[in-house]
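Thanks, everyone, for making the time. I would like to walk through one model with you, beginning with a group of strands and then turning to a pair of helices.

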Amino acid sequence: MMGRSHCFESMSKSAHQQEKIKKKILEAKRVCDRAGARFTKKRAQIFEIILLADIPLSAYEIADIYNKSCKEKMPPMSVYRILEFFGTLDLVHKLSSNNKFVTCSHISCDHIHDDSQFLICNNCAIATEISMSSKLMRDLKKLVRNAGFALINPQIELQCLCDACSANSKISLS
């Protein structure tokens, strides 16, 4: 069992949040073990940085946090390799619209993951992963085929305002 890295104290969360983070780290380790891959200390630290973040982070932002928090330095290219590794195991998702990364919100689920859809707040940058019905996704894929296209990536990223930002905004939402 891998212990908490302790180099991210400045990003500390409540005890309840820390317990959820610990469970997600353990589940990520289990996913790696099942895939025959190692959940190294550096991978665990990068995963923890993304978990602790309140918003999606770029590889450069992750490297910056890592380099400010840990004794060893890590170049952004190494972070990209780790993120790519996590992506192949569905532990993180890349948001194409802003080239940033979030952990999968379904890490601890026992069911098969659906295609990822994200609501991204244009104001505060928070991103929430949601699931769309399989019927809706089938209909979307059919529309794409009928239009003469082949769907390459079914991930959908919707630009939104979160409730907190819309409450503080003068923009009328309907």
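Before anything else, a word on one term: I call a residue buried when its relative accessible area is under 20%, exposed when that value is over 50%, and partly exposed in between. Please also keep in mind that what you see is a predicted model.

With that cut-off in hand, let us look at strand S3, which covers residues 117-121. Four of its five residues are buried, and S3 is therefore largely enclosed by the rest of the structure.

What does S3 pair with? One partner is strand S4, residues 127-130, which runs antiparallel to S3 and is joined to it over four bridges. Within that pairing, Phe118 stands opposite Glu129, while Leu119 has Thr128 as its bridge partner. The hairpin formed by S3 and S4 has five residues between the strands, and in this hairpin Ala125 adopts a positive phi near 75°.

Another partner of S3 is strand S5, residues 156-160, and here the pairing is parallel, over five bridges.

As for Asp114, which lies 16 residues from Ile130 along the chain, the C-alpha atoms of the two are separated by 9.5 Å.

Now to the helices. In general, a packed pair of helices is described by the angle between the axes together with the distance between them. For helix H2, residues 41-52, and helix H3, residues 59-69, that angle is about 110° and the axes are 10 Å apart. H2 and H3 are therefore roughly perpendicular to each other, and their crossing is right-handed. Which residues make the contact? From H2 they are Lys42, Gln45, Ile46, Ile49 and Ile50, and from H3 they are Ile62, Ile65 and Tyr66. Sorted by class, this contact of H2 with H3 comprises six nonpolar residues, one polar residue and one charged residue.

To close, I would return to S3, which pairs in the antiparallel sense with S4 and in the parallel sense with S5. I am happy to take questions.

Technical notes
Residues are numbered from 1 along each chain as its sequence is written. This is a predicted model: local features need pLDDT of at least 70, side-chain atom pairs count only at pLDDT 80 or more; totals for chains, interfaces and linings use all residues. Side-chain values use heavy atoms; hydrogens and water are left out. Buried means under 20% relative accessible area, exposed over 50%, partly exposed in between (1.4 Å probe, protein chains only). Helices (H or I, at least four residues) and strands (E, at least two) are DSSP runs, numbered from the N terminus. Two strands pair if DSSP finds at least two bridges between them. Axes are lines fitted to C-alpha atoms, for helices over the stretch in contact, and angles run from 0 to 180 degrees between N-to-C directions. Angles under 35 degrees count as roughly parallel, over 145 as roughly antiparallel, 65 to 115 as roughly perpendicular and the rest as oblique. A crossing is left-handed if the near helix is turned anticlockwise from the far one by less than a right angle, and right-handed if clockwise. Contact means heavy atoms within 4.5 Å. Ala, Val, Leu, Ile, Met, Phe, Trp, Tyr, Cys and Pro count as nonpolar, Asp, Glu, Lys and Arg as charged, and the others, Gly among them, as polar.
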